[in-house]
Structure formats: C-alpha cells, structure tokens
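Hi,

Here is the structure I promised to pass on. Have a look at it first, and then read my notes below.

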Amino acid sequence: MAASAEAVEKMQIRKNYRNLWHTDLMSTIQADPSYCCLSLWCAPCVSYLLRKRALYNDMTRYVCCAGYMPCSGRCGERNCPEFCLCTEVFLCFGNSVASTRFLLQDEFNIQTTKCDNFIIAFMLCLQQLACICSLIACILGSEELSEAAQIVRCLADMVYCTVCACMQTQHKVEMDKRDGKFGPQPMAIPPMQQMSRLDQPIPPAVGYPPQQIPQQPYGGGYYPQQPPHYAQGHPPAGYPPPIYDQPAYPPPGTQPPPRYGY
C-alpha cells in the first residue's frame, strides 16, 4: 500500500511540472526520422542506450526500472548492472521505456502535454481491448471472434510499437538538448565580467574585440607634420600683422583725469 500510494503521489506531482518536452510525440518523426526508425526496429537496444545515457553513463547509479517498480533494488543490480539492464529491456521493455521517461521528467520537471497523454492512453486502451477480445473469443470458441481478436491484437501491437518508438525518440531529443547539442546550454555558467574602476577613464571592452587605432606608415609617403621652422630672431619680421597695431594710450591731445580728493 505504501509503494502504491507513493507512486500515486509522484504522478500528482508530475502534473504540476512547468517544463515541456523539447518535441511532442507527433513531431518526433520530423525531429529525428532516422533515430525514430532505429527505435522501431531495434527497440530494446535503443532502450538500453537511452537508460545508460540518462544515467550519464554511470552504471553505478543503475536501479532496476529506475526505482519506480516494487522489484527495484532487489535484483542484484549493484553486482552486475549491465546484465540487469539487458534483462530489463528485453523482458520488461514497456517498463524500461516508461522508467526512462519518468527519470527524465523528475530530473527536468517535465510535464506531458494533453495530446501526448491522449496518445499513450489510446495505446493502453487498445491493448486492454485486444486482451478482452482474445479472452471472449477463447471462451466462446467462435472463429469469427477469434479473427476479430487477431485483427485488434495486430492493430494494438502496431500502435504500441509506433508509440514506443516515438517516445524513445522524444527521450533522445531531450537528452540532446541536455547535453548542449542544439547550441549553448541554457543553464551554463556566465563568463566572468570585468567592472570599470574609478581610476579607469574608459571601461574595459568585455566581450568585444579590441579596437585598433589606424596608424599612418612612415615609409608610404605619410610623415608627421613638423612645426614650422622660424629663422633667427623671434618673432619673425612682419609679426604681428598691421591690423593688430594698437594706438598709443592715452591718445595724443587728451588730458589725464583729475585726482580725487585733492
């Protein structure tokens, strides 16, 4: 009871996650068609690789079904994690895909969209319908019902394989985003910045290439201007010009002002 209650609590917590998958199930074929085909034809091998990658290639962290099943931690995973993972993906393929999905959701706080939930629910309902049809056909012994049950079973298996391939491609694209294969990581540490000080008239150029001041070459016909060379005697003759000659003060023919107080 405690394990089932904990599982239900985790499902409720996942509904409050704010992040979304990088691509939904309907767009996985467009996002990575080659990997989607690989997931369809080599599903257990892809599940093995994705679980190992989700654990950052550290198999010491491996637990059967990522710790979400009652058998987790009771299968001797610590002794031989690679063998246990191979057994999981071949004998419990559906649980291995779902466990990797829950592992990524809990790590990155990812919620599943309503469209993805509808696709997964449709797959599960179709599996249940195929099982019910097979039981009814077996009990009644009708050939017509047996053929109908086989058709439903075939359709359910096709949907199951397709949805699992899309889910594994979705997981792969999400880990590509985590590993920075779509560009710089959004949570990367920003580079160290320099602050301008009061004793610096110009702040340092941070993040920009240094600007080079063009200099005129001395050997290409450009020379620095030299100050004019004056002959002996300063200032030269004719300086200042006549327009700057000031008349004598006081002008001739005027009387000085009288003294005050006398």
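Let's begin with a question: is Lys172 buried or exposed? Lys172 counts as buried, at 14% relative accessibility. Buried here means under 20% relative accessible area, exposed means over 50%, and partly exposed is in between, using a 1.4 Å probe and protein chains only.

Before going on, a word on the model: it is predicted, so local features need pLDDT of at least 70 and side-chain atom pairs count only at pLDDT 80 or more, while totals for chains, interfaces and linings use all residues. Residues are numbered from 1 along each chain as its sequence is written, and side-chain values use heavy atoms, with hydrogens and water left out.

**Salt bridges**

A search of the whole structure turns up 8 salt bridges. The term stands for a side-chain nitrogen of Lys or Arg within 4 Å of a carboxyl oxygen of Asp or Glu. One of them joins Lys172 to Asp32, with the closest N and O atoms 2.6 Å apart. This pair links distant parts of the chain, 140 residues apart: Asp32 is in the loop between helix H2 (28-31) and helix H3 (33-41), and Lys172 is in helix H8 (residues 143-178). Helices (H or I, at least four residues) and strands (E, at least two) are DSSP runs, numbered from the N terminus.

Another salt bridge is between Arg53 and Asp176, at 2.6 Å from N to O. Here too distant parts are linked: Arg53 is in helix H4 and Asp176 in helix H8, 123 residues apart. Arg53 is buried at 17% relative accessible area, and Asp176 is buried at 6%.

Then there is Asp157 with Arg153, which meet at 4.0 Å, N to O. Both lie in helix H8, 4 residues apart, or about one turn of the helix. Asp157 is partly exposed at 34%, and so is Arg153 at 26%. Salt bridges that share partners also join Asp32, Arg53, Lys172, Asp176, Arg178, Asp179 and Lys181 into one network.

**Rings**

Lys172 turns up again: its charged end sits over the ring of Tyr35, 5.2 Å from the centre. That label needs NZ of Lys or CZ of Arg within 6 Å of the ring centre and within 35 degrees of the ring normal. Arg178 lies over the face of Tyr56, at 4.0 Å from the ring centre. Tyr56 is in the loop between H4 and H5 and has a positive phi of about 60° although it is not a glycine. Ala66, in the loop between H4 and H5, also has a positive phi of about 60° without being a glycine.

**A buried Glu**

Glu77 lies in the loop between H4 and H5, and its side chain reaches the backbone nitrogen of Cys64 at 3.0 Å. This is a polar contact (a pair of N or O atoms within 3.5 Å; within protein, one must be able to donate a hydrogen and the other to accept it, and residues adjacent in sequence count only if both atoms are side-chain atoms).

Cheers
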